[in-house]
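Here is a short report on aromatic rings and their surroundings. Look at the structure first, then read on.

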Amino acid sequence: MFNPTDFPKPTLISVNGVELEVFEAGRQNAGKPIVLCHGWPEHAFSWRHQLSALAAAGYHVIVPNQRGYGNSSRPTEVTDYDLEHLTSDLIALLDHYGYEDATFVGHDWGAMVVWGLTLLHPSRVNKVINLSLPYQERGEKPWIEFLEEILGGDYYFVHFNRQPGVADAVLEDNTFRFLRNLYRKNEPLREPEPGMMMINLANAETPLGEPLMSDSELAVFVSSFESSGFTGSINWYRNLDRNWRLLAEVNPIIQQPALMIYGVRDLVPKFEKLTKFVPNAEVVNLDCGHWIQQEKPEETNQAILKWLEQQDAI
């Protein structure tokens, strides 16, 4: 397990009208930037096992808490969390360091942002590495309408949008229990419970499976969300339809070399048409659930470093 005191101390950096809390490793490797983008409900600390490995491999590793998270800014307007704002934060971060482009790595919602960044600002992304969430094909219907038809009003993406504030309050009242119950591995297969999944997790007395991390590691996440609350991070979900509209006129094909890492026990489905939209994508499957880089840190590092080495050799 990782000792949280070994994680770098952050810097607050002003970019794009907000302040981002940024953690770094390998500053001596200026010129080879790699930016790691966390998901929900995560924190830069979710990349703790990757920082030193990537720095040792010669990269300048930049890990922001994105807007809404940790000690980064939490704007009050819902629309301040759309893809345009989230990707502009990352572009402004590159500008801050004086980089034309970088390799971007995303997990979960961070992967969604990295895919969107590559579509909206292709010249600023040289390589893509995404975990869990594959490229999402833009369909004919806005996301929330589509998901509501398929999965119903209790599906948490839909619930966050249709009942704003309800889940936020429950998660904030039960922050420790929610995160303890969410960050698990080797969970037994079971039928989905009725109701809203995230609220169920926040109210469940007994967690399933095994803990993903030590108590001291979990405390980093709990402390962060007890301070920030959940509304800023949930507002990312409340922009899904806005993002759908933002991408209407964008070329949907990503030409950059890409590595897609799936957890074979993840509930997020694989995308069978990945190479139709990302023709230069390679796929790695790891035997784990959703929290890939935390559950299988060594295997994740090996997959990333091996792929990066191959790309450098081309």
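A residue is called buried under 20% relative accessible area, exposed over 50%, and partly exposed in between (1.4 Å probe, protein chains only). By that rule, tyrosine 183 and phenylalanine 221 are buried.

This is a predicted model, in which local features need pLDDT of at least 70, side-chain atom pairs count only at pLDDT 80 or more, and totals for chains, interfaces and linings use all residues. Residues are numbered from 1 along each chain as its sequence is written, and side-chain values use heavy atoms, with hydrogens and water left out.

**Aromatic pairs**

Two rings of Phe, Tyr or Trp (its six-membered ring) pair if their centres lie within 6.5 Å; planes under 30 degrees apart count as stacked, over 60 as edge-to-face and the rest as tilted. The structure holds 30 aromatic pairs. Two of them are set out here.

| Pair | Centre to centre | Angle between planes | Type |
|---|---|---|---|
| Tyrosine 156 and phenylalanine 160 | 5.9 Å | 80 degrees | edge-to-face |
| Tyrosine 183 and phenylalanine 221 | 4.9 Å | 50 degrees | tilted |

Helices (H or I, at least four residues) and strands (E, at least two) are DSSP runs, numbered from the N terminus. Tyrosine 156 and phenylalanine 160 are about one helical turn apart, because four residues separate them in helix α5 (residues 156-162). Both tyrosine 156 and phenylalanine 160 are buried.

The tilted pair of tyrosine 183 and phenylalanine 221 links distant parts of the chain, 38 residues apart. Tyrosine 183 is in the loop between α7 (175-182) and β7 (184-185), and phenylalanine 221 is in helix α9 (residues 215-228).

One aromatic cluster includes Trp40, Tyr69, Trp109, Tyr156, Phe160 and Trp236.

**Charges over rings**

A charge sits over a ring if NZ of Lys or CZ of Arg is within 6 Å of the ring centre and within 35 degrees of the ring normal. Lysine 32 has its charged end over the ring of tyrosine 59, 4.3 Å from the centre. Arginine 138 lies over the face of tryptophan 244, 3.9 Å from the ring centre.

**Two further residues**

Phenylalanine 146 belongs to helix α4 (residues 143-151). Its relative accessibility is 37%, so phenylalanine 146 counts as partly exposed.

Asparagine 174 is in the loop between α6 (166-173) and α7. With a relative accessible area of 17%, asparagine 174 is buried. Contact means heavy atoms within 4.5 Å. Leaving aside residues up to four places away in sequence, asparagine 174 touches Ala202 and Asn203.
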